[in-house]
Amino acid sequence: MRVWIQGRRLERVMSLFNQCESMKHSLVSLRFSFSKLNLSTLSQKECFDSREESVMSLFNQCESMKHLEQLHAHVIQTGLEQNLFVMGKIIVFCAVSEIGSMDYALSVFGEIENPDGFLWNTMIRGLGRTRQPEKAFEFYKKMQVKREVLDNFTYSFLVKVCGRLGSVLLGKQIHCNALKHGVEEHVFVRNTLVHMYGMFKDIKTATHLFEEMPSSYVVAWNTIIDCNVYCGRYKEAIELFFRMWQSGIRPDDGTFVVTLSACAALGELDIGRRVHSCIDHTGLGNVVSVCNSLIDMYAKCGVVEAAYEIFNKMKVRNIVSWNTIIQALAMHGHGDEALELFSKMAEEKLATPDEVTFLGVLSACSHGGMVEEGRRYFYAMRRDYNIQPTIKHYGSMVDILGRAGLVEEAYQLIKSMPIECNSIVWRTLLAACRVHGNLELAERVRRHVSELEPDHSSDYVLLSNMYASSGQWNKMARVRKSMHIRGVQKPKPGNSYIGFQPSHEVRFRLN
């Protein structure tokens, strides 16, 4: 192993490392050197406290799992492998950081003879973030068997896992255990419980738990407002925000982001402007996430010029900022301006486009009838940015072609898709066939749609209307009769409202 280390054959080192029977023996052998970590500063003659302090200082230099493995090897070599403070830093890095490894955390934890509550809780927290969060409860059971102390952090992490799993029964069981152990009223546990019941859409219980809190901090207010937004109770979320404001609790950026999303969902421009005034009052108007939410709110409330003004005033922008304004311009028919912004962003490398960016760009092409530009951007996704189109990108491209009357090309695009097409994309093409009078293709598309959603009323109505327009009354009657026999009914009509404002030309200027 040392020969391979000196020859910088790290792949062979790791291969042999994985085959070793004794983890401790392997890690002691693993002494390869990285320029980022200067382990030569640690002398074996240093006292225990000095060694611990020196090792702890090196954790700030860890930037990858390779660095951590080297540092772990040195920890064992210096006799600190049972030091709970040092091992806690290793497990936190593996279990919590984005570049960590939960498998490595499990192996390290298994070597610790007497882990404390912090290590148990960190393992539960880390497992709750994996693709198999239910494994966190295996550690919870082990803690019970070993009679470890179950504290507020233990239950906070477990409640969060329950919310992620969507298990109401399990969530209520953990809630009862938290109550039994006397930690249910702890602020961390209570906030997590409120959030969990909100994810279960049990807003009544979530509200009850929130109202029971003797003193509500900003995190608690943010949680209950977010729960109401998640459950579609936008009006109640806005009322909670103003109640929070009047009670003297200072909102943070998270409060404004979730409240503005409620205003955007309702199209409440006047309330959105009031929230904007509160943002200016608190001095959070330069926070990127808040500015992004303001852009989205104004765009969805129909005031795209205000959204554009906020975007132009932003000193710092991220990809969400660009995506939001591009989608806003596209949604309001300003396709040329949206594409101009995208070109500016890409050419000046102000941000790296992602799949959401291209959804906005394709939407701009669709609303502007720009077929050639749509084709160019659609194929540039993979060629220039290595972004694989999703079903939404294919749907946007089908919409572009369908609006331009290129329904046969749209059909061939769907047939060539590397992923399975859904009913929404097929239905988009069916509607285009109706607009452009291509009855033959409409019949073929209708068969594809019926395989996925056989009882959707709009498909029957579209096809029967096409038969009626072409004078094929017998076929129209058969479609209507089939609809009646299968018990397919039109959905109840929805309701909407329109706010009238003085119309004026919107002008844009790139800064």
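Which residues does Glu184 touch, not counting residues up to four places away in sequence? They are His175, Ala178, Leu179, Val189, Arg190, Leu193 and Leu209. The model is predicted. Its chain holds 29 helices and zero strands. Of the 511 residues, 46% count as buried. Take contacts between residues at least 6 apart in sequence: 61% of them join residues at least 24 apart.

**Glu184, a loop residue**

- Glu184 sits in the loop between α11 (168–180) and α12 (187–199).
- The relative accessible area of Glu184 is 8%, so this residue is buried; the cut-off is under 20%.
- A polar contact links the side chain of Glu184 to the side chain of His175, at 3.2 Å.

**Trp221, a helix residue**

- Trp221 belongs to helix α14 (residues 218–230).
- Trp221 counts as buried because its relative accessibility is 6%, and buried means under 20%.
- Leaving out residues up to four places away in sequence, Trp221 touches Phe210, Ser216, Leu240, Arg243, Met244, Ser247 and Ile249.
- Trp221 and Phe241 are 20 residues apart in sequence. Their C-alpha atoms are 7.9 Å apart in space.

- Helix α19 spans residues 304–313 and is mostly covered.
- Seven of the ten residues of α19 are buried.
- Those buried residues are Val304, Ala306, Ala307, Tyr308, Ile310, Phe311 and Asn312.
- The buried residues of α19 pack against α17 (269–282), α18 (288–300), α20 and α21 (335–347).

**The α20 and α22 pair**

- How do the axes of α20 and α22 cross, and at what angle? The axes of helix α20 (residues 319–331) and helix α22 (residues 355–368) come within 8 Å and cross at roughly 15 degrees.
- That angle makes α20 roughly parallel to α22, because angles under 35 degrees count as roughly parallel.
- The crossing of α20 and α22 is left-handed.
- On the α20 side, the contact involves Ile319, Asn323, Ile326, Gln327 and Ala330. On the α22 side, the partners are Val356, Thr357, Gly360, Val361, Ser363, Ala364 and His367.
- By residue type, the contact of α20 with α22 divides into six nonpolar, six polar and no charged.

- Lys201 has phi near 60 degrees, a positive value in a residue other than glycine.
- Lys201 is placed in the loop between α12 and α13 (203–212).
- Is Lys201 buried or exposed? Lys201 is exposed, since its relative accessible area is 54% and the cut-off for exposed is over 50%.
- Asn386 has phi near 55 degrees, again a positive value in a residue other than glycine.
- Asn386 is placed in the loop between α23 (371–385) and α24 (391–403).
- At 64% relative accessibility, Asn386 counts as exposed.

**Loop sites side by side**

- Glu184, in the loop between α11 and α12, is buried at 8%.
- Lys201, in the loop between α12 and α13, is exposed at 54%.
- Asn386, in the loop between α23 and α24, is exposed at 64%.

Note on methods:
Residues are numbered from 1 along each chain as its sequence is written. This is a predicted model: local features need pLDDT of at least 70, side-chain atom pairs count only at pLDDT 80 or more; totals for chains, interfaces and linings use all residues. Side-chain values use heavy atoms; hydrogens and water are left out. Helices (H or I, at least four residues) and strands (E, at least two) are DSSP runs, numbered from the N terminus. Buried means under 20% relative accessible area, exposed over 50%, partly exposed in between (1.4 Å probe, protein chains only). A polar contact is a pair of N or O atoms within 3.5 Å; within protein, one must be able to donate a hydrogen and the other to accept it, and residues adjacent in sequence count only if both atoms are side-chain atoms. Contact means heavy atoms within 4.5 Å. Axes are lines fitted to C-alpha atoms, for helices over the stretch in contact, and angles run from 0 to 180 degrees between N-to-C directions. Angles under 35 degrees count as roughly parallel, over 145 as roughly antiparallel, 65 to 115 as roughly perpendicular and the rest as oblique. A crossing is left-handed if the near helix is turned anticlockwise from the far one by less than a right angle, and right-handed if clockwise. Ala, Val, Leu, Ile, Met, Phe, Trp, Tyr, Cys and Pro count as nonpolar, Asp, Glu, Lys and Arg as charged, and the others, Gly among them, as polar.
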